[in-house]
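Take a walk through this model, one local feature at a time. Keep the sequence and the 3D view side by side.

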Amino acid sequence: MHGRHDRRDAVIIDDDAVDGLADRVLGPQDKSVPPAAWGQRVREYVGTAPELRQWQTPLLTLDRGRLDANLAVMAEWTAVAGVALAPHGKTTMAPQLWREQLMAGSWAITLATGWQAQLARAFGVGRIMLANTLVDPVGLSWAAAESARDPEFGFYCWADSVATVAAMTAILRTAPPGPPVRVLVELGGPHGRTGARTRAEAHAVASAIRASERLTLAGVAGYEGALAHDRGPAGLAAVRDYLTELATLHTELLAAGTYSGPAIVTAGGSAYPELVVDALAGLATADGATTVVLRSGAYLIHDDGFYASISPLTAPAVTPGLRAAMHGWARVVSRPEPELALLDGGKRDFPFDEGLPVPQRVVGGEPLPPGTTVTALNDQHTFLRLPGASATDLPVGSVVRLGLSHPCTAFDKWRLIPLIDDADAERPRVRELIRTFF
C-alpha cells in the first residue's frame, strides 16, 4: 500500500486507491455531467480545462479556494486549542476530501455506520472513530477481523449501556481470537440522542467493558449538538452543563484506574467548538495518556444557513473564518406569474431540512430584485418569489446561484461534484471531480 503518514507514522490513507477515482469513466449515470464528457476518464476530462457553464443544471459545486481556507482555519484553530481533530466523514463520504483533511493533520476520520467504516478502510484510512454503537454482527465481526489482520489499524466505537456491552461481547465470542475492540463509554444528556443518561449508568457501562474479554475501555464520548439548536442562553447552558458532566466522567474513570491504556475524550464540535474546547481541552496530556478529540464534520464545507448562523468560527465574525464552500446552481424554466420563477432544482438536488436555499445572484446577469426568496421546494422545482418584479426581470433560461444550508444533506444527493476554482468568478473552471459514496 502506497500511503501517507501522520505524525505518529501510521498509514492514514491509500493514495493509489484515492487517485484511482480519477480513472473512472464518466457517463449518463453521473448527474448533470455534460454528454460531451461521456466516455472519458475523469482525469482526461479535467485535463481539457472545462468550464462550469458547460455543465447541465441543476448542479452542486465546491469552491477550491474556500475549501483550502476552511481546511487551514480549522487545522490552526485546533492546534492552538491543543485538541485533535477527527472530522466526521459522513458529511461528505468523499475519500478525496478525507485525504485532504488527514494531510492537514487530522488524527482520524469519524464515521457513523459499519459500512461507512468499511468503505473508509477500503481507501486505506488507518484510524477510524465510529461515533455509534456497533452491534450489527457482520459489522462488528469485520472490525475485529480487520484489527487482527492489521495491528496498526486503530478502530474505536461506542457503547451506552450494559446491554450493549453484553451484545457486543456475545458477537465477538463467535469471532476468531484477536485484539480487544476499543470501546468508549457514551454519555448522553436529557432529551438528547443516544448515550447513558447519568454518570452512574456510564460507570456501570465502563465496568462492563472492563470485564469483557473481547473489549477494552478506550475513553468517553458524547455529542453535545443534540442538546441545543441555537446560541440562546438556555441552549448554551445545556451544552456547557453536559460537557462538564463528560469531563467529570473522564476524571472519575481516570482516578479509579478504570482505563487499561491511553484514553480519548471526544465530543462533536461543529456548532459549539469553543464550548467543547473550554470544557475538555484541559484534560489533554502531553504524554498522550489522554487525547481530546473534536469530531467536527461541517467545517470543511460550512454553509450559508444553519452553520453560518451558529458556528463561532464563521467569517466575517472571525478573520479568517469559515465560509460556505458549496453552492447550488439552477435554471429558470418557467415564469408563470410576474413575481414567481420556477427553477429546475428541487429536493432531489438541494438540502432543505435546515433551511431553504438562499438566492445569491444571477449568473452573468443583473442582480436579483430586493427581497427575492425561495419559498418552497418540490422534488424537481424551486419556487423563487420576486416581490415587485416583472415577467422580464428574470427570463427563462437564466441561471441562479443558491446558498445552501447543511452540507450533510447536500452531499448525499450527488455522486459526483465538480470542484471549481472560484464560485464568484465570471466563468468558473472545473479543477477536479469529487466522488462520493452514499
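This is a predicted model: local features need pLDDT of at least 70, side-chain atom pairs count only at pLDDT 80 or more; totals for chains, interfaces and linings use all residues.

Residues are numbered from 1 along each chain as its sequence is written, and side-chain values use heavy atoms, leaving out hydrogens and water.

Start with two helices. Helices (H or I, at least four residues) and strands (E, at least two) are DSSP runs, numbered from the N terminus. Two packed helices are described by the angle between their axes and the distance between the axes. H3 and helix H4 (residues 95–103) pack at about 40 degrees, with axes 10 Å apart. Axes here are lines fitted to C-alpha atoms, for helices over the stretch in contact, and angles run from 0 to 180 degrees between N-to-C directions. H3 and H4 are therefore oblique to each other; angles under 35 degrees count as roughly parallel, over 145 as roughly antiparallel, 65 to 115 as roughly perpendicular and the rest as oblique. Which residues meet? From H3 come Arg64, Leu67, Asp68 and Leu71; from H4, Leu97, Glu100 and Gln101. Contact means heavy atoms within 4.5 Å.

Now turn to helix H10 (residues 273–280). Its buried residues are Pro273, Leu275, Val276, Val277 and Leu280. Buried means under 20% relative accessible area, exposed over 50%, and partly exposed in between (1.4 Å probe, protein chains only). These H10 residues pack against H3 (64–81), helix H9 (233–255), strand E10 (263–267) and strand E11 (290–294).

Next, look at Ser147 in helix H6 (residues 137–149). Is Ser147 buried or exposed? Ser147 counts as buried, because its relative accessibility is 10%. Leaving aside residues up to four places away in sequence, Ser147 touches Phe153, Phe155 and Pro179.

The structure holds six aromatic pairs. Rings of Phe, Tyr and Trp (its six-membered ring) pair if their centres lie within 6.5 Å. Arg121 lies over the face of Phe153, 4.1 Å from the ring centre. Elsewhere, Lys31 lies over the face of Trp414, at 3.9 Å. A charge sits over a ring if NZ of Lys or CZ of Arg is within 6 Å of the ring centre and within 35 degrees of the ring normal.

Finish at Glu44 in helix H2 (residues 42–46). At 42% relative accessibility, Glu44 counts as partly exposed.

Methods. Rings of Phe, Tyr and Trp (its six-membered ring) pair if their centres lie within 6.5 Å; planes under 30 degrees apart count as stacked, over 60 as edge-to-face and the rest as tilted.
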